[in-house]
Amino acid sequence: MNKDYLIITNNPIVRESFTNSVYLELTLEELLVKVRDMVHQGHELITHPLGASIRMMFSPYRSVLLSSYQKEFNEFHVSIAENSIEDYRKNTFNRKTDYQHKDDYAMIDIQLLNEAINEHERLKSIN
Amino acid sequence: MKLELRKIKVTDLALGNEMKFENGLLTIDPQVIIDGLMEDVNVKSVKVDIAKPGDKTRIIPVKDVIEPRVKVEGSGNGFPGVTTKMEQLGSGVVNVLSGAAIVTIGDIVGFQEGVVDMWGEGAKWTPFSTTYNIVVDISVVDGLQPHDHETTVRIAGLRAAEIVGEVARNITSDEVEVYEMGSIFEETNKYPDLPKVLYVEMLISQGLLHDGYIYGVNSQKILPTLIHPNEELDGAVISGNCVAACDKITTYQHQNNSSIIDLYNRHGKDINFMGVILTPELTTLEGKFRTCDYTAKLCKSLGADGVIISEEGYGNPDSDLLMICKRLEDSGIKTVLITDECSGWDGMSQPLADTTKEAVAVVSAGNVSHVVNLPPAEKVLGNPEAIATLAGGWEGCINDDGSMKCELNAVIGSTSEIGYHNLTVKLY
Amino acid sequence: MTYKVLYYVNQFFGQIGGEEKADIKPILKMEKVGPALGFEQLLGGEAEVVATLICGDNYFNEHEEEALKFIIDAVSEVNPDIVVAGPAFNAGRYGMACAGVANYVVDELGIPVVTGMYKENPAVDHCKAKAIVVEVSDSAAGMRNALPVMAKITKKLLNKEELGLPQDEGYFPQGKRLTVFADERGSERAVKMLVARLKGEAFETELPMPVFDKVEPAAAIKDIKKAKIALITSGGIVPKGNPDRIQSASAQKWGKYNIKDIDSLKGGYYTIHGGYDPVYANEFPDRVAPLDVLKKYEKDGEIGEIYQYFYTTTGTGTSVGNSITFGVEIGKELKEAGVDGAILTST
């Protein structure tokens with residue numbers, strides 16, 4: 001059965017582990033922009049594009065769940081996607097992405113992604 | 001429920017050959033802690049050291065902070081559901097080694113920062129520079145999965161607090177704090193004219209290094225839940241959060257939750273404090289909608305007139321904070337939010353990315369990007385490489401004299417969103 | 001050693017003349033002129049006003065580049081520790097000149113600037129982030145109250161003392177959110193704030209949400225085929241040569257041009273907007289303000305008629321205050337002309 005979600009990711013280990021991942025060789029900022037663009041095209045945000053702490057903003061990697069289907073443009077989702085870019089830029093304006101610990105970030109990202117997928121599967125409505 | 005916290009004031013700390021407390025001096029035998037923690041087969045080695053206020057000591061990377069205590073009357077010694085059998089918390093008598101703290105170090109991943117400086121400039125920015133810290137550095141056996149690694153370090157910290165807390169068992173306390181509250185109906189009958197107030201405490205609930213636990217239950221798996229304030233003060237809520245140094249709620253801050261205590265202080269005077277709602281901060285938007293709706297519904301069902309909402313973390317939880325606020329304000333319940341902000345190095349950026357016009361009353365716990373200058377330490381407890389992580393954030397953050405610039409977001413508890421510290425932001 | 005102050009005034013306060021002298025080019029006098037005299041006395045010997053720069057308000061606003069070039073040379077020559085300008089009270093052009101000098105001196109030379117303005121002077125928003133703008137009354141009658149506040153702040157800046165809160169010191173907030181220590185911990189402040197809210201007492205949020213000016217949309221046009229439609233842009237599209245000298249950023253004015261007899265802006269118009277790549281707009285200005293399509297609609301009877309004037313300004317960096325003023329002025333004209341609807345394009 002086809003999944004109802006896509007994984008938009010720049011995390012190489014997510015690409016290896018998930019067949020329905022859309023792997024993009026992008027910086028985290030570029031990935032957030034890509035997510036925003038897809039939300040404009042009607043994909044729904046399943047997970048929030050940002051993590052839950054400042055430290056995760058210095059991560060090189062992030063995986064975001066979007067709906068695989070496209071619906072009508074959702075203003076709330078667009079504003080979350082747009083604000084996430086702004087928030088990211090503000091927090092990383094003077095900071096360098098922490099590539100030194102990229103493997104750890106990649107591992108945490110896939111762990112959080114797994115939790116997010118579980119949460120999504122538990123919550124999924126039939127529509 | 002009636003909880004007595006008998007506060008035994010710790011005014012000095014030393015390492016020695018026995019565990020004892022005398023005239024304010026807490027003496028720690030490291031071997032007792034090491035032996036206790038080594039019972040866990042996943043623990044490879046344990047180092048115990050101390051850091052006192054004023055010492056030129058830097059602790060990094062801090063995983064958790066826990067207050068050493070022992071329950072001398074009533075059920076539920078330790079941390080039921082986690083380190084001990086399930087018991088009801090919230091009643092009884094607890095002897096507290098007040099002023100002492102277990103500070104755990106254990107880097108599960110290389111990018112953890114979380115600094116506590118015990119002296120000088122750095123000390124001002126963290127509440128844990130004024131506690132007498134028993135620093136426990138935990139290494140785990142090779143090959144442990146990250147989840148098990150985190151669990152091992154988390155539980156070791158709680159056990160260390162229990163071991164040290166035992167010292168207080170037969171000590172007479174200087175000061176007793178009593179937290180007593182009847183059922184919501186009893187209190188409302190007692191104070192029929194006082195506005196009914198709830199406290200919504202949000203918890204990061206998103207997975208590895210981003211978790212919180214209530215009686216051992218991962219908060220990811222719960223609907224928002226009502227808890228008696230005494231239960232949290234008695235150790236029902238545990239931190240499993242290893243990131244968000246500046247605004248994570250350590251276990252110590254749950255045990256001494258300042259929002260709960262400050263609401264208690266007004267109970268029966270200006271307000272009728274009815275309880276705490278623990279709300280998970282989930283990852284999915286659907287999950288966020290569900291918890292925010294459910295939280296608002298609980299507040300409405302309980303007839304709240306006013307609610308304080310505290311956040312944990314930064315980024316996606318900002319959405320939950322404002323959604324809960326909007327839902328409550330729309331139903332006529334007055335809110336005050338506690339959060340931190342990112343207004344950039346110069347303070348000129350728009351402080352919150354998400355905004356809602358309903359958030360008319362907000363306490364700002366500080367700008368997470370505020371840059372502070374930390375002088376070189378004489379002694380580093382923990383992993384010196386973590387200092388390199390801390391210092392590696394940008395070009396030129398290490399000065400010629402060895403001091404370094406760091407953003408508040410790396411300092412433990414600096415911008416606490418339960419309002420534990422005293423920073424704020426003013427418009428200049 | 002006493003500190004050196006350079007004072008900036010317009011032709012009026014520089015005692016050259018009134019409106020008729022507003023075109024004079026900047027001059028540097030190595031003496032104290034006008035308010036500089038009284039100001040120096042208030043510095044209590046800690047600093048000396050060594051020179052006064054005088055420039056006509058119209059000259060500054062219409063030849064900003066040349067004026068600033070002269071001014072920057074003069075400031076470099078005098079090499080003051082601080083520059084004091086105005087106060088400009090509620091004078092728009094004088095305010096803009098003080099703001100222009102302030103921003104330039106701070107940016108180019110890193111020398112602090114103190115000025116004074118009335119709160120509704122649009123120039124406040126223009127320079128408050130860079131200069132210290134003291135809040136003064138709306139007319140020169142307030143000079144006596146303004147100068148002591150400006151002098152006190154000037155002395156503090158010269159002595160590298162930290163300024164207190166804007167409301168305590170008397171200047172407009174610069175928009176810097178600084179982290180400071182509070183007397184009470186956050187939770188206690190939160191509880192106090194909640195109790196005040198519940199009692200209906202005054203309280204002050206520590207993090208004001210940005211206020212967005214929401215405009216209710218007008219009712220739909222009943223019969224579009226009979227409607228008179230106007231075209232307005234903030235895309236900086238002007239007749240070639242920019243006859244009204246509309247600024248390429250931070251616009252101080254708007255322009256209106258007769259488009260009755262043309263079918264497209266192509267050829268006669270170009271953009272002076274400083275905020276986007278002009279190549280495609282210059283090639284075909286209707287891409288920004290679609291007169292060509294409107295004319296076609298008019299011909300085809302899709303709309304009643306196109307209003308004969310086209311309105312334009314530059315949106316980039318233009319203050320909210322100026323935008324509101326422009327909107328009110330343009331709106332008034334359209335209303336009087338019986339226009340039913342307008343198409344506004346931005347970039």
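Predicted model: local features only at pLDDT ≥ 70, side-chain atom pairs only at ≥ 80, totals over all residues.

Biologist: Where should I start with the chains, and which pair has the most contacts?

Modeller: Start by listing the pairs of chains that touch. Here two pairs do, and chains B and C have the most contacts. Chain A and chain C are not joined by any contact; their closest C-alpha atoms are 14 Å apart.

Biologist: How is the size of an interface usually given?

Modeller: Often as the accessible area that is lost when the parts come together. For the present case I use residue counts: chain B puts 48 residues into the contact and chain C puts in 31 residues.

Biologist: Which elements of chain C give two or more residues to the side that touches chain B?

Modeller: They are strand S7 (177–181) and helix H8 (186–199) of chain C. H8(C) supplies the largest share of that side, eleven residues. By residue class, the side of chain C that touches chain B has 17 nonpolar, eight charged and six polar residues.

Biologist: In what sense does S7(C) pair with a strand of chain B, parallel or antiparallel?

Modeller: For a strand pair, read the sense and the number of bridges. S7(C) pairs with strand S26 (residues 423–427) of chain B in the antiparallel sense, over five bridges.

Biologist: What is the strand order of the open sheet of three strands in chain B?

Modeller: The order is S11-S6-S24, and the pairing is mixed. Strand S11 (116–117) and strand S24 (379–382) of chain B are the edges, each pairing on one side only. Strand S6 (residues 57–60) of chain B is antiparallel to S11(B), with two bridges between them. Across that pair, B:Arg58 is opposite B:Asp117 of S11(B).

Biologist: At what angle do helices H1 and H3 of chain B cross?

Modeller: For helices, read the angle, then the hand, then the residues that meet. The axes of helix H1 (residues 30–38) and helix H3 (residues 146–165) of chain B come within 10 Å and cross at roughly 135°. That angle is why H1(B) counts as oblique to H3(B). Their crossing is right-handed.

Biologist: Which residues meet there?

Modeller: From H1(B) they are B:Val32, B:Ile33, B:Gly36 and B:Leu37, and from H3(B) they are B:Ala156, B:Arg159, B:Ala160 and B:Ile163. This contact has six nonpolar residues, one polar and one charged.

Note on methods:
Residues numbered from 1 in each chain as written. Chains lettered and ligands numbered in written order. Contact = placed C-beta atoms within 7 Å. Helix = DSSP H or I, 4+ residues; strand = E, 2+ residues; numbered from the N terminus. Nonpolar A, V, L, I, M, F, W, Y, C, P; charged D, E, K, R; others polar. Pairing = 2+ DSSP bridges. Axes fitted to C-alpha atoms, helices over the stretch in contact; angles between N-to-C directions. Parallel < 35°, antiparallel > 145°, perpendicular 65-115°, else oblique. Left-handed = near helix turned anticlockwise from the far one by under 90°.
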